[in-house]
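Grab a pencil and have a go at these exercises before you peek at the solutions. Keep the picture open while you work.

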Amino acid sequence: DGIEWRDEMGILIVTAGLIYRDGKFLVTQRREGSFHGLLWEFPGGKMEEGEEPEQALRRELKEELGIKVRVERIFDVVFCSDPAHPLLLLAYWCLLDKGLPKPIGCKDLQWVSLDELKDLPMPPADQSLRDRLCQEKRNSSLA
């Protein structure tokens, strides 16, 4: 496990991958006993010092799920101002390139539709992403 990187203000910078296939998103469940334990999230993780966000996301998805992805365009940036854990989440659309996801660094994973996603308990930053995805669906082309 590498050293997490925080900016000058102590904000943790993390990445998340929106991996969408056959009308469903890949989500992972955090391990019991971890911060936000057992909540569901879009897979990704902490940037390490010297990494670009896309590089960190590819590394985290390989380590946590055993997959290779092509990182596409950024979808959203979410700031959570929890004083104990200030967080900046960079969410990218990703295409699964190689491998089948396995829960290596998480408790579980599943592919879920947007409707199913609404019922999953998620950390605040992931809730913001979910809300934005639901809004995009209402306004446009997300099936």
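Predicted model: local features only at pLDDT ≥ 70, side-chain atom pairs only at ≥ 80, totals over all residues.

**Exercise 1.** Find out how many helices and strands the protein chain has, and check its radius of gyration against a compact globule.

*Solution.* Now walk from the N terminus, and the order reads β-β-β-β-α-β-β-β-α-α. Next, take the 143 residues: a compact globule of that length would have a radius of gyration near 15 Å. The protein chain has 14 Å, so the two agree.

**Exercise 2.** Check the length of helix α1 (residues 53–65), then work out which of its residues are buried and what covers them.

*Solution.* At 1.5 Å a residue, the 13 residues of α1 should span 18 Å. The end C-alpha atoms are 18 Å apart, so that agrees. On to burial: the buried residues are P53, A56, L57, R59, E60, L61 and L65. Their cover includes strands β1, β2, β4, β5, β6 and β7. Just after α1, G66 takes a positive phi of about 70°.

**Exercise 3.** Decide whether E51 is buried or exposed, and list what it touches.

*Solution.* First locate E51: it sits in the loop between β4 and α1. Its relative accessible area is 13%, and buried means under 20%, so E51 is buried. Now leave aside neighbours within four places in sequence: E51 is in contact with K46, A56 and R59. Finally, look at the side chain of E51: one of its polar atoms lies 2.8 Å from the backbone nitrogen of E48.

How values were computed
Residues numbered from 1 in each chain as written. Heavy atoms only, no water. Helix = DSSP H or I, 4+ residues; strand = E, 2+ residues; numbered from the N terminus. Expected span 1.5 Å × (residues − 1). Buried < 20%, exposed > 50% of the residue type's maximum accessible area, 1.4 Å probe, protein only. Contact = heavy atoms within 4.5 Å. Polar contact = N/O pair within 3.5 Å; in protein donor to acceptor, adjacent residues only side chain to side chain. Rg over C-alpha atoms; globule rule 2.2 N^0.38 Å.
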